[in-house]
Every structure is written in structure tokens, then in C-alpha cells.
Amino acid sequence: MVEMASRNRNQEHTYIEGNTVRRYEAAPRRHPEMPGRSAAVPQPSREELARQHERRRAARRNCQRAMAVNRGYVVFLTVVTLLCFAVCAVFVYFQANITSRISDIAALETKISELQADNHAAESRLETSMTLEEIKARAGELGLVYPDSGQIRYYSVESSDYMNQYTDVASR
């Protein structure tokens, strides 16, 4: 008996390849002498079968009822879908608006840099167009002269770096 049990265990763990594999057992044997096993399986009674059938039908009806979609649920899903669509539309609108403003800002920055370059070029032209000697000659033609020492006034500033002029300085 021990030898047969060890042989069955070895056969369970071996792999036989090909189409010549023997069929050891189609179904496990029933041993009526083993405890907890009987030779014949008892058949359920008619009442038992009817109760099982009725339970299955009730379970099927409950599943169908649970899977059914009522009008309130459809309205709820429609409202939620429309709300999601509205949120997405507002998001796309704001994204487009931001993109448009960014491109406007970039265009204005480009224009500012062009105007600054033009201003710098104009300042350079002014600085190089006239020399100090030409300015002195032109001032002499217009009758301008250097100020005398009595015409020069000095002011001392005690606390601040600048001074506000509210009236003409020469009239004092």
C-alpha cells in the first residue's frame, strides 16, 4: 500500500510528453469504506428544487432591478455631463484669452524694444552731429556770452539730495 501511494505521488509530479500518454484515471475513485464519503450522492427533493428555482428567479429579478436606469439618474447624468462640458468650454476660452494676451504682450515688448533702439540711435546722431566748438560758435552768433561772477549763485543743500524750485531764482 505504501509503495502504491509513493508511486501515485511520483506520477502526479512527472510530465509525459506525446500522444502516447496513458490515461491513469478519468475520475477519482469513490471508496465507500472511507469516512465522510458515500457511494451514492443523494438527490434533492422536489420541494428543495422548487425553492432553489424560486431563489434563482428572485436573484435574477433583483439583478435586473439593480441594473435598470431610472429617469432621475438619467437627468442627473445629463446635468453632470453638461456641467463638465461648460467647465471645459470656459477653460478653453480662458486658455485662448491668455494665449491672445501673451501674444499681444510680446508684440508690445517688441515695439518697445524697437522704439528704444530708435531713441538710442537718435541720441547717438545728436551727440555726433555737433561738436562743442560748433555749439560755442552758434551761441556766439545768437549773442550768448559766459556769465559774470556776479551772475552765478550757489545754493547749499543741507538734508536732501535735490531741491524743488517753485519760483524763478533770479527774481529773489
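Tutor: We will go from the overall fold to confidence, surface, salt bridges, cysteines and aromatic rings.

Student: What does the secondary structure of the protein chain come to?

Tutor: Begin by noting that this is a predicted model. The protein chain has four helices and zero strands. Read from the N terminus, the order of elements is α-α-α-α.

Student: Which element has the lowest mean pLDDT, and which the highest?

Tutor: pLDDT is the predictor's confidence in each residue, from 0 to 100. Over the protein chain its mean is 80, and 70% of the residues reach 70 or more. Among the elements, helix α1 (residues 2–13) has the lowest mean, 54, while α3 has the highest, 94.

Student: How many of the residues count as buried, as a percentage?

Tutor: A residue is called buried when its relative accessible area is under 20%. Of the 172 residues in the protein chain, 0% count as buried. The chain exposes about 17,400 Å², and carbon and sulfur atoms supply 58% of that area.

Student: Which residues make a nonpolar surface patch?

Tutor: Val-69, Tyr-73, Val-74, Phe-76, Leu-77 and Val-80 make a patch of about 530 Å². Take Leu-77 as an example: this residue is found in helix α3 (residues 71–129). Leu-77 has 37% relative accessibility, so it counts as partly exposed.

Student: Now the charged residues. How many salt bridges does a search of the whole structure find?

Tutor: The test is a side-chain nitrogen of Lys or Arg within 4 Å of a carboxyl oxygen of Asp or Glu. The search finds four salt bridges. In one of them, Arg-51 is joined to Glu-48, with 3.7 Å between the closest N and O atoms.

Student: Where do Arg-51 and Glu-48 lie?

Tutor: Both are in helix α2 (residues 46–67), three residues apart, which is about one turn of the helix. Arg-51 is partly exposed because its relative accessibility is 47%. Glu-48 is also partly exposed, at 29%.

Student: Which residues are linked in a network of salt bridges?

Tutor: Glu-54, Arg-57 and Arg-61 are linked in this way. Glu-54 pairs with Arg-57, the closest N and O atoms being 3.6 Å apart. Arg-61 forms a salt bridge with Glu-54 too, and there the corresponding distance is 3.4 Å.

Student: Why are Glu-54 and Arg-57 separated by about one helical turn?

Tutor: Because they are three residues apart in helix α2.

Student: Are the residues of this network buried, exposed or partly exposed, and what puts them there?

Tutor: Glu-54 counts as partly exposed because its relative accessibility is 39%. Arg-57 has 38% and is partly exposed. Arg-61 is partly exposed as well, at 38%.

Student: What does the count of disulfides come to?

Tutor: Two cysteine sulfur atoms have to be within 2.5 Å to be counted as a disulfide. Here the count is zero.

Student: The last feature is the rings. How is a pair of aromatic rings described?

Tutor: Two values are used, the distance of the centres and the angle of the planes. In this structure the count comes to one aromatic pair. Tyr-93 and Phe-94 have ring centres 5.6 Å apart and planes at 55 degrees, so the pair is tilted.

Student: Which classes of accessibility do Tyr-93 and Phe-94 fall into?

Tutor: Tyr-93 counts as exposed because its relative accessibility is 53%. Phe-94, at 46%, counts as partly exposed.

Technical notes:
Residues are numbered from 1 along each chain as its sequence is written. Side-chain values use heavy atoms; hydrogens and water are left out. Patches are made of residues with over 30% relative accessible area and no salt bridge: like charges are joined within 9 Å, nonpolar side chains (Val, Leu, Ile, Met, Phe, Trp, Tyr) within 5 Å. Accessible areas come from the Shrake-Rupley method with a 1.4 Å probe; for residues, only the protein chains shown count as cover. Helices (H or I, at least four residues) and strands (E, at least two) are DSSP runs, numbered from the N terminus. Buried means under 20% relative accessible area, exposed over 50%, partly exposed in between (1.4 Å probe, protein chains only). Rings of Phe, Tyr and Trp (its six-membered ring) pair if their centres lie within 6.5 Å; planes under 30 degrees apart count as stacked, over 60 as edge-to-face and the rest as tilted.
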